[in-house]
Amino acid sequence: MSKNSPKQKSPLSRLLDFAGAYRSLTFVGLFLSAVAQICGMVPYLCVYLVLKDLIFAAPHFSDAANIARYVWIAFAFAGIFCMEKKSAEKMHEF
């Protein structure tokens, strides 16, 4: 590389150049994407918590009192995730 060649832009600056006037929406989209990924992991976390409660209460399963709560949370987040996927599919039909 010679000293007179232009410096290579970072991928983020190239993305922001492409976004133009919608730079703020790019950051909002990045944030919402991160939130969606975290929400997508909640059912797996709930399954882990149910299994942990079952393993630690192995001989006396009546001691595992939080299992129903974890299962309902997992179903709620999985349902929200499925509805979001369906709405995204509907948007792509237009």
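Helices (H or I, at least four residues) are DSSP runs, numbered from the N terminus. The model is predicted, and local features need pLDDT of at least 70, side-chain atom pairs count only at pLDDT 80 or more, and totals for chains, interfaces and linings use all residues. Residues are numbered from 1 along each chain as its sequence is written, and side-chain values use heavy atoms, with hydrogens and water left out.

The average pLDDT (the predictor's confidence in each residue, from 0 to 100) is 80 for the chain, and 85% of the residues score at least 70. Confidence is highest in helix H2 (residues 23-56), with a mean of 85, and lowest in helix H3 (residues 67-93), with a mean of 77.

Asp-53 lies in helix H2. Asp-53 is buried, meaning under 20% relative accessible area. Beyond neighbours within four places in sequence, Asp-53 is in contact (heavy atoms within 4.5 Å) with Ala-64, Asn-66, Ile-67 and Tyr-70.

Three of these names lead on to the largest nonpolar core, which has 9 residues, including Ala-64, Ile-67 and Tyr-70. Such a core is a set of buried Ala, Val, Leu, Ile, Met, Phe, Trp, Tyr and Cys residues joined through side-chain atoms within 4.5 Å. H2 gives the most to this core, with 4 residues. Cys-46, also in the core, touches Tyr-70, Ile-73 and Ala-74, not counting residues up to four places away in sequence.

How values were computed:
Helices (H or I, at least four residues) and strands (E, at least two) are DSSP runs, numbered from the N terminus. Buried means under 20% relative accessible area, exposed over 50%, partly exposed in between (1.4 Å probe, protein chains only). Lys and Arg count as positive and Asp and Glu as negative; His and the chain ends are not counted. A salt bridge is a side-chain nitrogen of Lys or Arg within 4 Å of a carboxyl oxygen of Asp or Glu.
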